[in-house]
Amino acid sequence: MPERDDPDAPAGPVDMLEPGVRRVVAPNPSPMTFRGTNSYLLGTTEIAVIDPGPLDEDHLAALLGALTPGQRITHIVVSHAHLDHSPLAAALQKECGAPIYGFGPAEKGRSAVMQRLAADGLMGGGEGIDAAFSPDHELEDGALLRGPDWQLRALHTPGHIGNHICLAWGDICFTADHVMGWASSLVSPPDGDLTDFMASCRRLQKTEWRRFYPGHGDPVDAPRARLDWLIAHRMTREKAILEALEAGPADARSLARIIYGDTPAGLMSAAARNVLAHLIDLIGKNKVAPKAPLRADTRFHLT
């Protein structure tokens, strides 16, 4: 398997990860996307493209150029409606004619709590939403897609965003932005829901996976250990938030400055959204309460 540990490694070349699975990294590196979005090509004749990526002509050319004689794209599968994963699907469809599959538009799959918050005006503050995304076929949880030498099972894994799906291929899972090896996933309300995120992690724990192929960064070769770490990491954040609130009421940004003390200034907004996600989860656990209607600057106190 190719080594791509260097975050400055060039995007674009086709990486053969194992028989039947290739990766093309989109040229959209950033603090939120690492080296760029991983687009996967699954199959040997009839190809499923998983997460076409951002709207980028060079990346479109790279995906089409990855096809070898006798291969054609028959399925375009989108894990979730973020601007670094879904927009290229329509352009790719124009080139190959394949249908687009996904759980549904960006707002599908939101929890009732997040629907109420969105209705009350709490806007997302993390990654950009692809509001135009609308798949040709909506994949319900457990839905199957098949090619001559592959079968994918859709797993609805809300948390990072409500319409997020992972894709199971035997003992391998394409985990998109739910589980990555280089960083923990951003959870930014009302699109992201930490209660759902933790439930999705625990769902994935119930299967013995051999490998995860994430939306950004390298394959995860110890899936169970990574899931254990993600859950423990979130529980550590929760503990830190509760301890910080012992000093008195505070809002998410103030708590983020305490808890994420070594985080670069450019990422502090995302850190605050993660803290807000924890606070909303803690309301559901009856451990904290807001002192005013929920907004990004609402102060919280221990119950």
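Mentor: Let us begin with a definition: helices (H or I, at least four residues) and strands (E, at least two) are DSSP runs, numbered from the N terminus. This is a predicted model, in which local features need pLDDT of at least 70 and side-chain atom pairs count only at pLDDT 80 or more, while totals for chains, interfaces and linings use all residues. Residues are numbered from 1 along each chain as its sequence is written, and side-chain values use heavy atoms, with hydrogens and water left out.

Trainee: How many helices and strands does the protein chain have?

Mentor: The protein chain has 7 helices and 15 strands. Its radius of gyration is 19 Å, close to the 19 Å that the globule rule gives for 303 residues, so the chain is as compact as a globular protein of that length. The radius is taken over C-alpha atoms, and the rule is 2.2 Å times the number of residues to the power 0.38.

Trainee: What share of the residues counts as buried?

Mentor: Buried means under 20% relative accessible area, exposed over 50%, and partly exposed in between (1.4 Å probe, protein chains only). Of the 303 residues in the protein chain, 54% count as buried.

Trainee: Which residues of helix α6 are buried?

Mentor: In α6 (residues 252-259), they are Ala252, Leu255, Ala256 and Ile259. Their arc around the axis is only 105 degrees, which puts them on the same side of α6. They pack against α5 (223-245), β13 (250-251) and α7 (268-284).

Trainee: How does one read backbone angles?

Mentor: Most residues other than glycine have a negative phi, and most peptide bonds are trans. Aspartate 51, in the loop between β4 and α1, has a positive phi of about 60 degrees although it is not a glycine. This aspartate 51 is buried, with a relative accessible area of 3%. Alanine 176 belongs to strand β11 and has a positive phi near 50 degrees; alanine 176 is also buried, at 5% relative accessible area. Glycine 97, which follows α2, has a positive phi near 80 degrees.

Trainee: Where is there a cis peptide bond?

Mentor: The bond from proline 189 to proline 190 is cis, with omega near 0 degrees. Proline 190 lies in the loop between β11 (172-176) and α4 (194-205).

Trainee: What is glycine 43 in contact with, beyond its neighbours within four places in sequence?

Mentor: Contact means heavy atoms within 4.5 Å. With those neighbours left aside, glycine 43 is in contact with Gly20, Arg22, Gln71, Asp149 and Trp150. Glycine 43 sits in the loop between β3 (38-42) and β4 (46-50) and counts as buried at 6% relative accessibility. Glycine 147 is 104 residues away from glycine 43 in sequence, yet the two are 7.4 Å apart in space, C-alpha to C-alpha.

Notes:
Arc of directions from axis to C-beta.
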